[in-house]
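Me: I would like to go through this structure with you, beginning with the charged residues. Could you take my questions as they come?

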Amino acid sequence: MPEPATPPPETTETPAQPGAYVDPFRAYNFRLEFQGEIEGYFTECSGLGARIEALQFREGGAGRHVHRLPGRVEYADVTLRYGLTTTSRLWEWFLAVADGRPERKNVSIIMLDNEGREEVMRWDLIDAFPTEWRGAPLDALGQEVAIESLTLVFNTLERG
């Protein structure tokens, strides 16, 4: 006589509900931290990404196949756009690099929930430093906010 089936162990996780809609996070709720301190709320952060190079090699002999293996990881440059204020912290960081005194910092891009209060995701740029600064375009007839930009490069990207 076969033994009766045992019920599966109880879990605390709620299973996915078919047809249940989950709101995606809003792209405008984010802030930046430098070395663990809140630097500010920027108007735009672009270029966040990574790419793994695919290496190719052929088998020896009469091999007709080309094999592909993962190669080095390349990280895209990240550009921050922010409203011009009296703080000069980012400008001074850029000048230090331009003067040959590169100061690498850990920078975190933090996505906030839809209310803009709680952290829901984080991207850490490890050993980052600025490579490009662009001043705000000035237009005597315009009424836009003055926006500067700073481009960062980094060694490693972590997601948490």
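Me: Are E33 and R122 buried or exposed?

Reply: Both E33 and R122 are buried. Please keep in mind that this is a predicted model.

Me: What do the side chains of E33 and R122 form?

Reply: They meet in a salt bridge, with an N to O distance of 3.6 Å. The pair links distant parts of the chain, since E33 belongs to strand β1 and R122 to strand β8, 89 residues apart.

Me: Which residue forms a salt bridge with E74?

Reply: The partner of E74 is R51, and their closest N and O atoms are 4.0 Å apart. E74 lies in strand β5 and R51 in strand β4, which spans residues 50–58, so the pair ties together parts that are 23 residues apart in sequence. E74 counts as partly exposed, at 31% relative accessibility.

Me: And which side chain does R72 meet in a salt bridge?

Reply: R72 meets E53, at 3.1 Å from N to O. R72 is in strand β5 and E53 in strand β4, so this pair ties together parts that are 19 residues apart in sequence. R72 counts as exposed, at 55% relative accessibility, whereas E53 is partly exposed, with a relative accessible area of 25%.

Me: What about E148, which has no salt bridge: how far away is the nearest side chain of opposite charge?

Reply: That side chain is R81, and it is 11 Å away.

Me: What is E148 in contact with, leaving aside neighbours within four places in sequence?

Reply: E148 is in contact with L80, R81, Y82, L84, W133, R134, G135 and A136.

Me: Changing topic: how many helices and strands does the protein have?

Reply: There is 1 helix, and there are 10 strands. Along the sequence the pattern reads β-β-β-β-β-β-α-β-β-β-β.

Me: What share of the contacts with a separation of 6 or more is between residues 24 or more positions apart?

Reply: Such residues account for 60% of those contacts.

Me: And what share of the residues is buried?

Reply: Buried residues make up 28% of the 160 residues in the protein. The accessible surface comes to about 12,000 Å², and 51% of that surface belongs to carbon and sulfur atoms.

Me: How many residues are in the largest nonpolar core?

Reply: The core has 23 residues, and those with the most contacts inside it are L32, W93, V107 and L125. The elements giving two or more residues to this core are β1 (30–34), β6 (78–83), α1 (89–98), β7, β8 (119–134) and β9 (147–153). The largest share, 5 residues, comes from β8.

Me: What does L125 touch, not counting residues up to four places away in sequence?

Reply: L125 touches L48, V78, K105, N106, V107, I109, L152, F154, T156 and L157.

Me: K105 is on that list. Is K105 buried or exposed?

Reply: K105 is buried, because its relative accessible area is 9%. K105 lies in strand β7, which covers residues 105–112. Beyond residues up to four places away in sequence, K105 touches F34, Q35, R89, W93, L125, I126, D127 and A128.

Me: Two of those contacts are Q35 and D127. What is the phi of Q35?

Reply: Q35 has a positive phi of about 55°, although it is not a glycine. Q35 is located in the loop between β1 and β2 (37–40) and is partly exposed, with a relative accessible area of 48%.

Me: And the phi of D127, what is that?

Reply: D127 is not a glycine either, and its phi is positive at about 60°. D127 lies in strand β8 and counts as partly exposed, at 30% relative accessibility.

Me: Finally, the surface: which residues make the nonpolar patch of about 270 Å²?

Reply: That patch is made by L55, F57 and L69. L69 is found in strand β5, residues 66–75, and counts as partly exposed at 44% relative accessibility.

Methods
Residues are numbered from 1 along each chain as its sequence is written. This is a predicted model: local features need pLDDT of at least 70, side-chain atom pairs count only at pLDDT 80 or more; totals for chains, interfaces and linings use all residues. Side-chain values use heavy atoms; hydrogens and water are left out. Helices (H or I, at least four residues) and strands (E, at least two) are DSSP runs, numbered from the N terminus. Buried means under 20% relative accessible area, exposed over 50%, partly exposed in between (1.4 Å probe, protein chains only). Contact means heavy atoms within 4.5 Å. A nonpolar core is a set of buried Ala, Val, Leu, Ile, Met, Phe, Trp, Tyr and Cys residues joined through side-chain atoms within 4.5 Å. Patches are made of residues with over 30% relative accessible area and no salt bridge: like charges are joined within 9 Å, nonpolar side chains (Val, Leu, Ile, Met, Phe, Trp, Tyr) within 5 Å. Accessible areas come from the Shrake-Rupley method with a 1.4 Å probe; for residues, only the protein chains shown count as cover. Lys and Arg count as positive and Asp and Glu as negative; His and the chain ends are not counted.
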